[in-house]
Amino acid sequence: RLVDVAQVEVLRGPQGTLFGRNAAAGAVNIRTNEPTDELEGYFGVGVGSDSLYSAEGVLNLPLSEELLSRSSISYVSRDGWQTDTDLPGADDLYELDGYSIRTSIRWLAADNFSASMSIDHSDDDGTRGGLLVEEWGTLLPNAGFETTHNPDGEKAGASGRLQKGDEIVGFNSHHTSDTLGASFVLKWDINDNILLSSLTSYRDSDYSLAAMPGGLFSIVEGVFEYFPGYIGTESYEFESINQEFRLSGATEAIDWFVGLNYFKDTSDQSINYALPLFATVGIGTGDFGDVLLDSEAETDSYAIYTDVIFNLTESVNLTVGAR
């Protein structure tokens, strides 16, 4: 959930001359409110059906004339409104349980120098929605799901059962995510026309889910109408570090910007799929492990870029950028 948002920018087209990481197709820039020198805040709660409870709050607290702070928090919880019929005792579907917290501190060290630090953390744990599945298990035991459900009703299948040898193996419908981020921003007004900035950020994200990316599709209407694709689990871990220096200036005739950026990203991905579709036609076994993928990737990116706007007349500008 987005809390305490000050501004959202949606930028079309390449943005490589304005941002550290190249954005080839556009960028969405979301800015939260910065700490101010006034004591203010708000807090609100909400309730709804299926035991829905939510809360959201913001507190802007000046610690001194030079040290300002601002914190926000949000929480949402809701019971599932569908029964998962695939696994005995499985959690209900469409469950929600998550929170996010963010704290910012701003130090006004001098009239021309400031330092800001921000830390955020979010956690989400819930269940996915239902799936429409035909009764393949009685006809083809290795074909995957074994029950028929209507995903729009009070009961549905999302966990699924797959035969592995003589054993029926289930995977649940849970998805979880955990994210931690921190950023540090230094700003120095060298003079009235030139600003030097340093931006440092770190982010770590873990995400796991039960997936059926293959979906269900029809071969012939009324015959094999809903044929299972593939099911499995996915987990991802991402860690990134970014360091950027910016030098910018403006006069009546020209606005200019120069940036230097370093970005490092590491990711681990684990996927475990079963392919019941192929099992029914004799290819593969239908067990978990038909597709196993464990991969690691590392990206290092260095960039220098500039963007200059020449104010030719009151109504005509010429923009030149390079990366």
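This report walks through the predicted model shown above, from its overall make-up to a few local details.

## Ground rules

The model is predicted, so local features need pLDDT of at least 70 and side-chain atom pairs count only at pLDDT 80 or more, while totals for chains, interfaces and linings use all residues. Residues are numbered from 1 along each chain as its sequence is written, and side-chain values use heavy atoms, with hydrogens and water left out.

## The chain as a whole

The chain holds 1 helix and 19 strands; helices (H or I, at least four residues) and strands (E, at least two) are DSSP runs numbered from the N terminus. Of the 323 residues, 29% are buried. Here buried means under 20% relative accessible area, exposed means over 50%, and partly exposed lies in between, with a 1.4 Å probe and protein chains only.

The accessible surface of the chain is about 18,500 Å², and carbon and sulfur atoms own 55% of that surface. Accessible areas come from the Shrake-Rupley method with a 1.4 Å probe, and for residues only the protein chains shown count as cover. Among contacts in the chain with a separation of 6 or more, 59% are between residues 24 or more positions apart; a contact means heavy atoms within 4.5 Å.

Two strands pair if DSSP finds at least two bridges between them. Strand β7 (residues 96–110) runs antiparallel to strand β5 (residues 67–78), with 12 bridges joining the two, and S71 stands opposite T103 in β7. Strand β7 also pairs with strand β8 (residues 113–127), again in the antiparallel sense, over 11 bridges. In that pairing R102 stands opposite D120 in β8, and a hairpin of 2 residues joins β7 to β8.

## Salt bridges

A salt bridge is a side-chain nitrogen of Lys or Arg within 4 Å of a carboxyl oxygen of Asp or Glu. The count by this rule is 7 salt bridges, and the table gives some of them.

| Pair | N to O distance |
|---|---|
| D4 and R70 | 2.6 Å |
| R106 and E34 | 3.6 Å |
| E244 and R246 | 2.7 Å |

The D4 and R70 side chains meet in a salt bridge. D4 lies in the segment before β1 (5–12) and R70 in strand β5, so this pair ties together parts that are 66 residues apart in sequence. Both D4 and R70 are buried, and D4, E40 and R70 are linked in a network of salt bridges.

The side chains of R106 and E34 also meet in a salt bridge. This pair links distant parts of the chain, with R106 in strand β7 and E34 in the loop between β2 (26–32) and β3, 72 residues apart. R106 is partly exposed at 23% relative accessible area, and E34 is partly exposed at 39%.

## A buried asparagine

N242 sits in strand β16 and counts as buried because its relative accessibility is 12%. The N242 side chain makes a polar contact of 3.2 Å with the side chain of N261. A polar contact is a pair of N or O atoms within 3.5 Å; within protein, one must be able to donate a hydrogen and the other to accept it, and residues adjacent in sequence count only if both atoms are side-chain atoms. Leaving aside neighbours within four places in sequence, the residues in contact with N242 include R21, L199, T200 and Y262.

## A nonpolar surface patch

W188, I190, L196, F245, L247, V258, L260 and I304 form a nonpolar patch on the surface, with about 670 Å² of accessible area together. β16 (231–250) and β17 (254–274) are the elements that give two or more residues to the nonpolar patch. Patches are made of residues with over 30% relative accessible area and no salt bridge; like charges are joined within 9 Å, and nonpolar side chains (Val, Leu, Ile, Met, Phe, Trp, Tyr) within 5 Å.

I304 is in strand β18 (residues 291–311) and counts as exposed because its relative accessibility is 55%. I190 lies in the loop between β12 (174–189) and β13 (194–211) and is partly exposed at 38%. Not counting residues up to four places away in sequence, I190 touches L196 and L247.
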